[in-house]
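Subject: Structure handover

Hello,

The structure is below, followed by notes on what was found in it. Please read the notes with the coordinates open.

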Amino acid sequence: MEKYFDATYIMQSISMLLPFLKVTFMVASFSVLFGTIIGFILAAAKLGKSKIARNIANGYITILRCTPSIVLLFLVYYGIPAIGNNFGMDLNDIDKAVFVIVTFSLQFGALMCEVIRSAYESIDKGQFESAVSVGLSNAQAYRRIIFPQALVVALPNFGNSLLALLQEGALAYTIGLIDIVGKANLIIASNYNAHALEIFLALSIIYWILSIAIEQFFLKLERVLSKGKQSLKTM
Amino acid sequence: MSEGLDYKFLVDTFFVALSGVPIALAITIVALLVALPFGFILALTRINRIPVLHQFAQIYVSFVRGTPIIVQIFIVYSSIPLLLDSIFTKYNLEMNVYDVNPIWYAFIVFSFNTTAILIEVFRSAISTVSKGQLEAAQSVGLTNVQAFRRIIIPQTLVVALPNICTATVNLIKATSLGYALSLQEITLRAKVAANVGYNYVEAYIDIFLVYLILCSLVEYAFKRYEKRLIKYKAVNA
């Protein structure tokens, strides 16, 4: 073991991997942005009156829940250029990050739909009615009364979904995106497969610290935002 | 590509992908069989705050939940052969590390992963069963083992089942990463079939369909089982 395993490589490769964390973050934040938009649309469809829209939203969520992200990733990677080809567009040259963002936005949308829906349903209907009865418009009632309360309820689930997204995002290397996992594989390849274990350990340490940090951040944020909730209890 | 989908290939590869289902299911079942008892026991150590095991379980869960499964696969795949090799040479065993079937690595990774997930599932489920249940069981003369088998576990299971279902579906989905271990499961088989004619779109549609069917069936089975278990649910009315 001694001659194969060298712990100094772990520290060394962490410093080599860290610059590529920004690619991971970039992909994750775009996916969160678009995924949340998709989630809002789906949640609106699920909560709305139209039966067709509700069925479409339910079907979408079931399908996305049953698809491994790697399969979805490759379906998007090979499928979108093929569809584009049929319409006479050449989509083979666009950045790989775009495919990754599309894939994880689709997936995050399905997660977020459930998060948003459960948060919305947890708010008592009387809140909206009383807001309207004191003269707020519908939009004002949503923005000032419903949204701040729903946000607090949604926060822990949002944090969990974000962590899940970050970890599924590690698969982006399979289509050749150079994020931290992709870089780790490149380093190993350039080392003729030597010291692979140390580099993977470095990778896992980065991810581990990252997710603990995000977890703590959301716990803190929840505590700050739930201040309004506590003052309600004293009434 | 511009001539559309190759339907003959689509149908043929569907059955190629389907032939990978037994391996995916074997990994799922082995991982669950290992993870269910270990998860339950470690969950108990976390609830009862047993000194060393409690901290161990905490770090273990945090690591598994904090790192992507693919990185865990990489670590196991690059560390276990090293360990095995040093063991083989130490005891002069005439065995080659590269002859080990990759399915063993898959068993290790996915059991390791699922145990951590189930610790959390059981921890939240056990804490919903009130302490009075165990005390009442003991007071009517059941031993600890009997009380757990007949009173606590059935009630825990009802609460835990939806989460176990989610964990199982996630596990089946995660077996698609077995390609990193060059395991002949659903994804790799269809991908290899596609390599011949670059029919990747068709191959991935097939893989997608197989997982969709598989996961829907598992979810349906869990729903049925949940209905049967519902009689254990405590009625507080």
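Where pLDDT is low, the predicted coordinates should not be read in detail. Chain A as a whole has a mean pLDDT of 85, with 93% of its residues at 70 or more.

This is a predicted model, in which local features need pLDDT of at least 70 and side-chain atom pairs count only at pLDDT 80 or more, while totals for chains, interfaces and linings use all residues. Residues are numbered from 1 along each chain as its sequence is written, and chains are lettered from A and ligands numbered from 1 in the order in which they are written.

Interface between the chains

Chain A puts 28 residues into the contact and chain B puts in 29. On the chain A side, the elements that give two or more residues are α4 (69–86) and α9 (196–225); helices are DSSP runs of H or I, at least four residues, and strands runs of E, at least two, numbered from the N terminus. The most comes from α9(A), with ten residues. By class, the chain A side has 21 nonpolar, seven polar and no charged residues (Ala, Val, Leu, Ile, Met, Phe, Trp, Tyr, Cys and Pro count as nonpolar, Asp, Glu, Lys and Arg as charged, and the others, Gly among them, as polar).

Helix packing in chain B

Helices α4 (residues 69–90) and α5 (residues 102–126) of chain B pack at about 135°, axes 10 Å apart. Axes are lines fitted to C-alpha atoms, for helices over the stretch in contact, and angles run from 0 to 180 degrees between N-to-C directions. α4(B) and α5(B) are therefore oblique to each other (under 35 degrees is roughly parallel, over 145 roughly antiparallel, 65 to 115 roughly perpendicular, the rest oblique). Residues in this contact include Ile73(B) and Tyr77(B) of α4(B) and Phe112(B) of α5(B). The contact divides into nine nonpolar, two polar and no charged residues.

Helices α1 (residues 7–18) and α8 (residues 186–195) of chain B pack at about 145°, with axes 8 Å apart. Among the residues in contact are Thr13(B) of α1(B) and Arg189(B) of α8(B). This contact has six nonpolar, one polar and one charged residues.

Regards

Conventions
Two residues are in contact if their C-beta atoms, placed from the backbone, lie within 7 Å. pLDDT is the predictor's confidence in each residue, from 0 to 100.
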